Amino acid sequence: MVRFAHWATAAVLLASTFGCAAVSGQAPNPADPLEPFNRSVFRFNEGVDRAVLRPVATAYRDTLPLMVRTGVSNFFGNLGDVWSLANNVMQLKLQNSAETFMRLNVNTIFGLGGLLDIASEAGIERHREDFGQTLGRWGVPTGPYVVLPLLGPSTVRDTAALPVDHYGDVLSVVHDIGARNSLYALRVVDERATFLRAGQMLDEIALDKYSFTRDAFMQHRRSEVSGGSASGGDGE
């Protein structure tokens with residue numbers, strides 16, 4: 001579900017582009033050999049989202065002022081830049097590494113620990129990277145598409161990278177279990193609240209939400225690994 005937040009808009013754009021064409025009778029997708037299992041997990045995740053995450057995210061959006069929510073998003077974005085910096089370095093993306101390093105320093109020092117996104121206002125671009133992208137950069141194949149319980153869309157490569165991503169998450173070093181879990185929960189709710197409208201549009205547009213979600217995710221990940229071009233560099 002956390003992953004959903006990063007590419008929900010891409011799914012909406014894909015659905016808008018291709019319209020609400022019926023999907024019955026489609027040939028099996030070779031990138032999704034686990035489709036029966038994936039669809040079952042997808043339905044489970046959708047149920048949890050409808051019953052728990054979406055209502056909480058809606059209440060969060062409707063209760064807190066925009067300024068507060070923006071500060072929360074900026075704070076977690078700044079924390080995420082730490083792991084992005086490490087992955088940019090591992091991928092030998094020198095310019096992206098330098099810009100991410102500058103973002104961290106500017107937002108941490110002058111942005112009240114990241115509550116203010118001074119770096120974006122100064123034109124310093126954010127370069128999100130994770131260990132799955134790093135593996136792809138160095139030629140590790142994507143592998144089949146897989147839907148993970150609660151975590152949502154992934155691939156075999158990205159799933160294998162999850163333990164490393166967890167270890168690199170700054171929140172994982174918070175020793176107080178209650179505080180750490182509260183921060184995890186706040187981050188999930190904040191990200192879900194950011195894309196409430198995109199999720200609603202996807203529900204309205206797509207006849208087969210699973211297929212649109214899968215195709216948008218795979219396209220988005222290829223683009224991330226190839227540095228913006230959806231057609232290459234993914235180790236497939």
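1. A residue is called buried when its relative accessible area is under 20%, exposed when over 50%, and partly exposed in between, using a 1.4 Å probe and protein chains only. At 61% relative accessibility, Leu112 therefore counts as exposed. This residue sits in the loop between helix 4 and helix 5 (118-121). Helices here are DSSP runs of H or I with at least four residues, strands are runs of E with at least two, and both are numbered from the N terminus.

2. The model is predicted, so local features need pLDDT of at least 70 and side-chain atom pairs count only at pLDDT 80 or more, while totals for chains, interfaces and linings use all residues. Residues are numbered from 1 along each chain as its sequence is written, and side-chain values use heavy atoms, with hydrogens and water left out.

3. On confidence: pLDDT is the predictor's confidence in each residue, from 0 to 100. The protein chain averages 87, and 84% of the residues score at least 70. Among the elements of the chain, helix 3 has the highest mean pLDDT (98) and helix 1 (residues 2-18) the lowest (49). Over residues 12-25 the pLDDT is below 50, and this stretch has 18 contacts in the model beyond near neighbours in sequence. A contact means heavy atoms within 4.5 Å. Residues 229-233 also stay under 50, with 10 contacts beyond four places in sequence.

4. Most residues other than glycine have a negative phi. Leu150 is in the loop between strand 1 and strand 2 (152-155), and at 45% relative accessibility it counts as partly exposed.

5. On aromatic rings: two rings of Phe, Tyr or Trp (its six-membered ring) pair if their centres lie within 6.5 Å; planes under 30 degrees apart count as stacked, over 60 as edge-to-face and the rest as tilted. The structure holds 4 aromatic pairs. One of them joins Phe42 and Tyr210, edge-to-face, at 5.5 Å centre to centre and 80° between the planes. Phe42 lies in helix 2 (residues 35-63) and Tyr210 in helix 10 (residues 209-225), so this pair ties together parts that are 168 residues apart in sequence.

6. Tyr210 also pairs with Tyr145, edge-to-face, at 6.2 Å centre to centre and 70° between the planes. Because Tyr145 lies in strand 1 (residues 145-148) and Tyr210 in helix 10, this pair ties together parts that are 65 residues apart in sequence. Tyr145 is buried, with a relative accessible area of 0%, and Tyr210 counts as buried at 2%. Phe42, Tyr145, Tyr210 and Phe217 form one aromatic cluster.

7. On the nonpolar cores: a nonpolar core is a set of buried Ala, Val, Leu, Ile, Met, Phe, Trp, Tyr and Cys residues joined through side-chain atoms within 4.5 Å. The largest has 10 residues, among them Leu53, Tyr60, Phe76 and Leu196. Helix 2, helix 3 (66-90) and helix 8 (177-194) each supply at least two residues of this core. Apart from it lies another core, of 7 residues, including Phe42, Tyr145, Tyr210 and Met218. In soluble globular proteins, nonpolar side chains tend to be buried together.

8. What does Phe76 touch, leaving aside its neighbours within four places in sequence? Its contacts are Leu171, Leu183, Leu186 and Arg187.

9. Thr100 is found in helix 4 (residues 94-110) and counts as buried at 1% relative accessibility. Not counting residues up to four places away in sequence, Thr100 touches Asp81, Ser84, Leu85, Asn88 and His127.

10. Asn29 is in the loop between helix 1 and helix 2 and is partly exposed, with a relative accessible area of 22%. Not counting residues up to four places away in sequence, Asn29 touches Arg214 and Asp215. Asn29 and Asp215 are 186 residues apart in sequence and 9.8 Å apart in space, C-alpha to C-alpha.
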